[in-house]
Amino acid sequence: MTDPVTRTKQGDPRRFLDKAIGYAGDDHMIWPYATGGKRDYPYPQMRDGDRVRYVTRMVLYATVGPPPAPDSQAAHDPLECNIPLCVNRRHLRWASPAENHADIELAGNRRRGGDVPGAVLDAAKVEVIRSNPGGLSQREMADLFGCSQSTISRVATGQTWSGWV
């Protein structure tokens, strides 16, 4: 039976998961099925009974055991693998949220400033806000750039975008 939306044959994701759990090689194992998470940074997911679960967690649970702490996250080793869709158990580990965030920094995957999807400001606008060549009020700059006055205030005082411009 094939799912009419995903065109995935029933059982295919489970077979791929079982293959990933048993795989002992170093090559990437890219999850070819459904993903969730952020639109531009997807994470492998699959249905497990009546729940949808992250495949990387399922792989770690099966190969390493349960997470060491309730808030542990399935993280990719930033020096080994920088591919969110990879489910190779040798590229994964349990990590605290702080460790996972440090991995993101180390791998260079943290989006900041104008690189954040949906960002209203970019470096050029921040320079204008900080220099304010026309002597505009914060409210006028907010209207000009399509953001709030408090955003303009935080940029102008260096609370945000610090070290970027």
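**Figure 1. Contact between helices H5 and H6.** Gln 138, Arg 139, Met 141, Ala 142 and Phe 145 of H5 meet Gln 149, Ile 152, Ser 153 and Ala 156 of H6 (contact: heavy atoms within 4.5 Å; helices: DSSP runs of H or I, at least four residues, numbered from the N terminus). The model is predicted, with local features requiring pLDDT of at least 70 and side-chain atom pairs pLDDT 80 or more, whereas totals for chains, interfaces and linings use all residues. Residues are numbered from 1 along each chain as its sequence is written, and side-chain values use heavy atoms, without hydrogens and water. The axes of H5 (residues 138-145) and H6 (residues 149-156) come within 8 Å and cross at roughly 110° (axes: lines fitted to C-alpha atoms over the stretch in contact; angles from 0 to 180 degrees between N-to-C directions). H5 is therefore roughly perpendicular to H6 (65 to 115 degrees).

**Figure 2. The largest nonpolar core.** This core has 14 residues (buried Ala, Val, Leu, Ile, Met, Phe, Trp, Tyr and Cys joined through side-chain atoms within 4.5 Å; buried: under 20% relative accessible area, 1.4 Å probe, protein chains only). Leu 17, Trp 31 and Met 46 are among those with the most contacts inside it. H2 (55-63) is one of the elements giving two or more residues, and the largest share, 4 residues, comes from H2. A second, separate core of 10 residues includes Ile 129, Met 141, Phe 145 and Cys 147.

Figure 3. Cys 86 is buried, at 0% relative accessible area. Cys 86 is in no disulfide, and the nearest cysteine sulfur, that of Cys 81, is 3.8 Å away (disulfide: a pair of cysteine sulfur atoms within 2.5 Å).

Methods. Buried < 20%, exposed > 50% of the residue type's maximum accessible area, 1.4 Å probe, protein only. Parallel < 35°, antiparallel > 145°, perpendicular 65-115°, else oblique.
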